[in-house]
Amino acid sequence: MNFGMIFKVAVLAILRNKTRALLTCIGIIVGIAAVIAVLAIGKGASTMMVKEISSMGNNLMMVFPDRHRKGQVKSGMGAGQTMTAGDAEAIRRELGHLVAAVSPTVNVSCQLIRENRNWNTRVSGVSYDMPEIRNWQVAEGRFFEETEERASRRVCVIGTTVKSNLFAEEEDAVGQTIRIGAMPFKVVGVLASKGANGWGQDQDDTVMAPYTTVGRVLQRSKFRSINMMNVSLNSMDDVAEAKREVTALLRQRHKLADYEDDDFETRDTTEIMNTIGSVTGLMTVLLTAVAAISLLVGGIGIMNIMLVSVTERIKEIGLRMAIGATPACILWQFVLEAVVLSTVGGAIGVGVGIGVAQAIGEINHWPIVIEVSSAGWSFLFSAFVGMFFGFYPAYRASKLNPIDCLRYE
């Protein structure tokens, strides 16, 4: 049995009816293209998620005060007043073996004014080691220092969006004075641009000042309550132990009895990543299931067309058997026809899928990650589909009686 000759006969049989061959491949093309596009977009979404989570900070864990409850309604996270700057200082002092840096955070929305320009944004009162925690570089000037934080100096660092709205394009913002609310603040630095995060929020539209200053001057609060704490761990391997020790320390400081619930909440980047990952994973599974249905439909289409082809070519089968072709030769001829149809469809589908994924990425500005392995496995799967669904028509053709075939009208 000459496989080269059988393959040549199979290809020539397909080329005799190009239009029907192309229509037969449509289901496979759509299925493979859908699989490639879904995997590329899903992988890209995962990559973007990891990048966004990493941009939040180095080994970051966040601690929020308990949500304020009014009746049966809870306010937003961080709206409670159960946590103070002293809690952050205690964590920094007593958990140094787990914690690299801690920053209390106090947020307030203010109007910024400079000469005839103004801009509304959120002012974050943070600690002097916030750049280390958030992995955020200072592009111009410097970040405020520990001595300025302790003295509640009116100094601030601004994001690039704030700079572009308060200063001329070529103007140096460092050393200038702006008014935050009614209070003058000296700009000591400009943060490097981070752009928008995964939720579309402009990270550069921000002002950072010492939390001591924001609480005393802008909030005019006599209490030392804070909106949250950003805790940078030495290693994310220690996150479980850090959560336990932070919880124990805060419960002790807040004098909570054993039967009382925590009056604070902890979040870490792995928790956020797992939550988002589970959602994107579920969507990928659902879309892949739809693509698999397309492949199934494509396989059934190949089987139907091959059954029609066997019926149309009964006399040809009889003649080949009469001059010495064995049932195995007939079987392999039709199996190879089905495999060629499905693999050609698979190759086209891989190309279409890559093109669709890249087009979606360009339109929506999403990262697209196309893995060679996924394209290779999709191509091999398309060949398997052709072999699986083409076997029955090929088997029927190999079992035909040559005499009956020659008499067939």
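Modeller: The structure holds zero disulfides, a disulfide being a pair of cysteine sulfur atoms within 2.5 Å. This is a predicted model, in which local features need pLDDT of at least 70 and side-chain atom pairs count only at pLDDT 80 or more, while totals for chains, interfaces and linings use all residues. Residues are numbered from 1 along each chain as its sequence is written, and side-chain values use heavy atoms, with hydrogens and water left out.

Cys110 counts as buried because its relative accessibility is 11%; Cys329, at 13%, also counts as buried. Here buried means under 20% relative accessible area, exposed means over 50%, and partly exposed lies in between (1.4 Å probe, protein chains only).

Cys110 stands opposite Thr121 in strand 5. Strands (E, at least two residues) and helices (H or I, at least four) are DSSP runs numbered from the N terminus, and two strands pair if DSSP finds at least two bridges between them. Strand 4 (residues 99-114) and strand 5 (residues 117-126) pair in the antiparallel sense over nine bridges. The two form a hairpin with two residues between them, and Glu115 in the turn has a positive phi of about 50°.

Strand 5 also runs parallel to strand 10, to which five bridges join it. Within this pairing, Arg122 stands opposite Thr206, and Val123 has Val207 as its bridge partner. Strand 7 (residues 155-158) is joined to strand 10 by two bridges, in the antiparallel sense; there Val157 is the partner of Met208. Five of the five residues of strand 10 (residues 206-210) are buried, so this strand is largely enclosed by the rest of the structure.

In soluble globular proteins, nonpolar side chains tend to be buried together. A nonpolar core is a set of buried Ala, Val, Leu, Ile, Met, Phe, Trp, Tyr and Cys residues joined through side-chain atoms within 4.5 Å. The largest such core has 45 residues, and those with the most contacts inside it are Ile158, Ile180, Leu218 and Met229. Strand 4 gives the most to this core, with six residues. Apart from this core lies another, of 31 residues, among them Ile14, Leu295, Phe334 and Val335.

Leu218 leads back to the cysteine discussed above. Leaving aside neighbours within four places in sequence, Leu218 is in contact (heavy atoms within 4.5 Å) with residues including Cys110, Val108, Val123 and Ile180.
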